[in-house]
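Open the structure in your viewer and keep the selection panel at hand.

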Amino acid sequence: MNPPKTDARRQHDPEVRGFASDNYAGAHPEVLAALALANGGHQVAYGEDAYTENLQRIIRSHFGATAEAFPVFNGTGANVVALQAVTDRWGAVICAESAHINVDECGAPERVGGLKLLTVPTPDGKLTPELIDRQAYGWDDEHRAMPQVVSIAQATELGTVYTPDEIRAICEHAHAHGMKVHLDGSRIANAAASLDVPMRTFTNAAGVDILSLGGTKNGALFGEAVVVVNQDAVRHMKHLRKLSMQLASKMRFVSVQLEALLARDLWLRNARHSNEMAQRLAEGVRAVHGVELLHPVQANAVFARLPHDVSERLQKRFRFYFWDEAAGDVRWMCSFDTTEEDVDAFVAALKEEMAR
């Protein structure tokens, strides 16, 4: 069959590879096939379509019988809507200082969500009950935003992964103080692949109340979902999603992508592959004198420290970002479509630039 005709023209070189972000990768072919399958004819708008209805069954198979998914456009939208759903107007969210909701969402949780972030410095991006207690106080103090939620990321912004027991301890501690637990799961598939456990093991089974389910970083074209696990913890999700401009009219095209990822094992295959490529990259980097790995490589991210001038030269060959430019820290991300050849070429280029 001939491909559909279009007046669009390719504007990029598909052979160019980088390690800047897993958002740089395109959509997985199986996801694109699912989008084509959902196209054609008319389906009811705003989530009353057959694909969104079927997605609920799939979500329950991963996150328990009470779970309900609310598809949204993007990860920041998922986080803001989820946190709004479990806070009052005077509420606050305890999170790691390095959390994505604190450093990479342009203040959206506070400015759009209308809540206060109470941050805690952590060495590895992970909270503990003891660290939470640095901000978990003053519930009766009208002069202080009330801590109502603990937000954790799985995997974290530093590429580390919580064990199920660590999340269970956080949930028990938070619930004992009357707080809810939100999980930012933009890379939840990578965490599950790293731990080699189902996603339910460290979400509903551990006590998480609500989570942001990522799709874009794991092969979707666009689209995430807020997954409500504890129905008693959440109010007015449908209204909050619309108010926050995250209600897709043609929602079938978000839902079918999540179905393509989650119905069988595409989500896990993609995550395992990107994790394996990160491990291959870390192994190659360890052999390069003068380059320091900064954090355990537990998902698809590699953090390293190397001379600033080397990074600048290397960036001309492969795209990536500084994490802390003053310190010389960089982040290298692997994706579902990163190949062994990509990794080996990058390591070879790193060795060349370090030797200059």
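Helices (H or I, at least four residues) and strands (E, at least two) are DSSP runs, numbered from the N terminus. This is a predicted model, in which local features need pLDDT of at least 70, side-chain atom pairs count only at pLDDT 80 or more, and totals for chains, interfaces and linings use all residues. Residues are numbered from 1 along each chain as its sequence is written, and side-chain values use heavy atoms, leaving out hydrogens and water.

Select residues 50-63, helix α2, and residues 252-262, helix α10. Their axes lie 9 Å apart, at an angle of about 35 degrees. Show side chains next: Tyr51, Leu55 and Ile58 are among the α2 residues in contact (heavy atoms within 4.5 Å), and the α10 side includes Arg252, Val256 and Leu262.

Now look for cavities, sets of points on a 1 Å grid over the protein atoms alone where a 1.4 Å probe fits but cannot get out; lining residues have an atom within 4 Å of a point. The whole structure has five of 30 Å³ or more, a volume being the space filled by probe spheres set on the points.

For the largest, select Ala189, Leu213, Gly214, Asn218 and Trp267, which lie nearest its centre among 16 lining residues. The space is about 100 Å³. Both α8 (188-195) and α10 supply at least two residues each to this lining.

Finish at the second largest cavity, about 60 Å³. Select strand β4, residues 146-153, which gives the largest share of the lining, three residues.

How values were computed:
Axes fitted to C-alpha atoms, helices over the stretch in contact; angles between N-to-C directions. 1 Å grid on protein atoms, 1.4 Å probe; cavity = no way out; pocket = protein on both sides within 12 Å on 5 of 7 lines; lining within 4 Å.
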